[in-house]
Amino acid sequence: MVEIDWPALRAAARAAMSRSYSPYSGFPVGAAALTSDGRIVTGSNVENASLGMTLCAECSLVSALYGAGAPSELTFAEPPRLLAVSVVDRDGGPLTPCGRCRQLLHEHGGPALQLETTTGVRPLSDYLPDAFGPEYL
């Protein structure tokens, strides 16, 4: 079992939130995750005038999992996984991911992924039971 430093993860999420691009809603969001290869990856929401094009902080976080900052020796035979995620609002308080983001987190962390939410730390399976995954394709 990996020990999760939740205060450090929340601090990383708060730092990411400060880089949010949210001129339309005025609702900055940050996310941080501990990965199976020991990294902390972060993301923030990026809004768009065409609201459907807006990226949630969790989307940015998953992009960071595979994008810039990934170790050069990374192979996709064993892709990194998300182990623990903290998502925060403008005040640094925890946010529970929306349904779309829960599905995205499931794909890259699985049902055992630990989420820091408004009701405490719980596995993703509590928020997305019977999730659809690649095993159904």
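## A salt bridge between helix and strand

Let's start with R10, which is partly exposed at 23% relative accessibility (buried is under 20% relative accessible area, exposed over 50% and partly exposed in between, with a 1.4 Å probe and protein chains only). The side chain of R10 forms a salt bridge with that of E116, at 2.7 Å from N to O (a side-chain nitrogen of Lys or Arg within 4 Å of a carboxyl oxygen of Asp or Glu). E116 itself is buried, with a relative accessibility of 9%.

R10 sits in helix α1 (residues 6-17) and E116 in strand β4 (residues 114-117), so their pairing ties together parts that are 106 residues apart in sequence. Helices (H or I, at least four residues) and strands (E, at least two) are DSSP runs numbered from the N terminus. Please keep in mind that this is a predicted model, in which local features need pLDDT of at least 70 and side-chain atom pairs count only at pLDDT 80 or more, while totals for chains, interfaces and linings use all residues. Residue numbers run from 1 along each chain as its sequence is written, and side-chain values use heavy atoms, leaving out hydrogens and water.

## The other charged pairs

Searching the whole structure gives 3 salt bridges. Another of them joins the side chains of D37 and R39, with N and O 3.1 Å apart.

If you turn to helix α2, you will find it mostly covered, with 7 of its 10 residues buried. Those buried residues are A57, E58, C59, S60, L61, V62 and L65. Their cover includes strands β1, β2 (40-44) and β3 (82-88), together with helix α3.

The axes of α2 (residues 57-66) and α3 (residues 99-109) come within 9 Å of each other and cross at roughly 20° (the axes are lines fitted to C-alpha atoms over the stretch in contact, and angles run from 0 to 180 degrees between N-to-C directions). That angle makes the two helices, α2 and α3, roughly parallel, a term for angles under 35 degrees. On the α2 side, E58, C59, V62, L65 and Y66 take part, and they meet R100, C101, L104, L105 and H108 of α3 (contact means heavy atoms within 4.5 Å).

Y21 is in the loop between α1 and β1 (30-35). With a relative accessible area of 44%, Y21 is partly exposed. Leaving aside residues up to four places away in sequence, Y21 touches N45, V46 and E47.

D130 belongs to the segment after α4 (124-127) and is exposed, with a relative accessible area of 81%. Although D130 is not a glycine, its phi is positive, at about 55°.

Key: Angles under 35 degrees count as roughly parallel, over 145 as roughly antiparallel, 65 to 115 as roughly perpendicular and the rest as oblique.
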